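This report describes selected features of one protein model. Please consult the sequence and the structure displayed below while reading.

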Amino acid sequence: MDTFHLEKNGGGAVGARSKLKITVIQTGTGNPPVRLIASPQNIGTLHRRLGVIFCRERTGPHPINAYLIEHPDGLIVVDTGDTARKSDRDYMPRLNPGFSRGIDIRVAPEEEIGSQLNAMGIRSSDVRLVVMTHLHHDHTGGLNHFPHNRILASGENLRFAKRMRGLAGAVPRNWPRWFDPEPLEFFGPAVGPFARSAPLTRDGSIFAVEAPGHITGHVVIVARSEDLTYVLAGDLTYRQYLLMDDVVDGMTENPALSLASQRAMKQFAQNEPTVLLPAHDPEAVSRLADGLTMYPRSP
Ligand SMILES: [Zn+2]
């Protein structure tokens, strides 16, 4: 494999397992309508969105998680979480009811990812890669803490978010002016049901695969430790039990694609002991601590 190839995404191969450690960085909470996390599948987009907007029942507080991976190649941050600027009146587009009434996001300044990394003794310059599962507003809020970092995102997701100008849950006007992520390059092999992969480490133990539906170009990050496989799932689902029950979310742009991605993840998890870590699942912390896999582990 040539040097150029090795430099893509900062990775070279797919397949190995590695010593690694994952830490949850909770950057505040949301309290969305129940219909945001779980929506009937066979209704049109407008019906689904209205269902979210007019749903009065709330889920109760759920986390807005980013994740830190410590790997021999260096530190990888997956998503950047949300920002305390959310409470500024003009921060979010006011005309979009999904934003203004929708999610009830609360972020204290010390909950932002930069402050939390600092508290762990980590400066942003120590982070080797920042990888985005997608560019929704509650995943990009902490980008400003990484002005000099290599940042990777799906090129498809980036183009879509820019084209939609704030109407797809991504808010380009709030991105730092310098934000110009490198597109993830899917030059790695198929992994189980996923047709191709984007290696993020030289040993191939961490890589991205495509899991679209929630938004165009959504990806998940797979990190294979010595004994378990962790999936930093972004918004592939809001709760593991919903994914297990084939329930799609209320923000999805394409429920059929969401369902196909969720089913691919289940197929993947039947072949290796997989711990699912979605960005907003209140169970993610305990699942990570206890190594709870999606399916029982074979003895
Ligand atoms: Zn999202």
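Strand E10 is mostly covered, with six of its six residues buried; buried means under 20% relative accessible area, exposed over 50% and partly exposed in between, computed with a 1.4 Å probe on protein chains only. Strands (E, at least two residues) and helices (H or I, at least four residues) are DSSP runs, numbered from the N terminus. The model is predicted: local features require pLDDT of at least 70 and side-chain atom pairs pLDDT 80 or more, whereas totals for chains, interfaces and linings use all residues. Residues are numbered from 1 along each chain as its sequence is written, and side-chain values use heavy atoms, with hydrogens and water left out.

In a regular strand, side chains alternate between the two faces of the sheet. Both faces of E10 are covered: Thr 229, Val 231 and Ala 233 are buried on one side, and Tyr 230, Leu 232 and Gly 234 on the other. E10 is joined to strand E9 (residues 219–224) by four bridges in an antiparallel arrangement, where two strands pair if DSSP finds at least two bridges between them. A hairpin of four residues links E9 to E10, and Ile 221 stands opposite Leu 232. Strand E11 (residues 274–278) runs parallel to E10 and is joined to it by five bridges; here Gly 234 faces Pro 278.

## The zinc site

Which protein atoms are the donors of the zinc ion? They are His 134 (NE2), His 136 (ND1), His 214 (NE2) and Asp 235 (OD), at 2.1 to 2.2 Å from the ion. Donors are N, O and S atoms within 2.8 Å of the metal (3.2 Å for Na, K and Ca); water is not among the atoms, so sites may look incomplete. Along the chain, the donors follow the spacing H-x1-H-x77-H-x20-D. His 134 lies in the loop between strand E4 (127–131) and helix H6 (137–140), and Asp 235 in the loop between strand E10 (229–234) and helix H8 (240–244), so this pair ties together parts that are 101 residues apart in sequence. Both His 134 and Asp 235 are buried.

The angles among the four donor atoms are 90 to 170°, and the site is irregular. Four donors count as tetrahedral if all angles lie between 85 and 135 degrees; four count as square planar and six as octahedral if opposite donors are over 155 degrees apart and all others between 65 and 115, and anything else is irregular.

## Nonpolar cores

The largest nonpolar core has 26 residues, and those with the most contacts inside it are Ile 22, Ile 69, Leu 184, Leu 200, Ile 221 and Leu 277. Such a core is a set of buried Ala, Val, Leu, Ile, Met, Phe, Trp, Tyr and Cys residues joined through side-chain atoms within 4.5 Å. E9 supplies the largest share of this core, three residues. Apart from this core lies another, of 21 residues, among them Ile 25, Leu 117, Met 132 and Leu 158.

Beyond its neighbours within four places in sequence, Leu 277 is in contact with several residues, including Ile 22, Tyr 230, Val 231 and Leu 232; contact means heavy atoms within 4.5 Å.

## The six-stranded sheet

An open sheet of six strands has the order E1-E2-E3-E4-E5-E6, with mixed pairing. Its edge strands are E1 (21–30) and E6 (182–183), each of which pairs on one side only. Eight bridges join E1 to E2 in an antiparallel arrangement, and Ile 22 has Ile 69 in E2 as its bridge partner.
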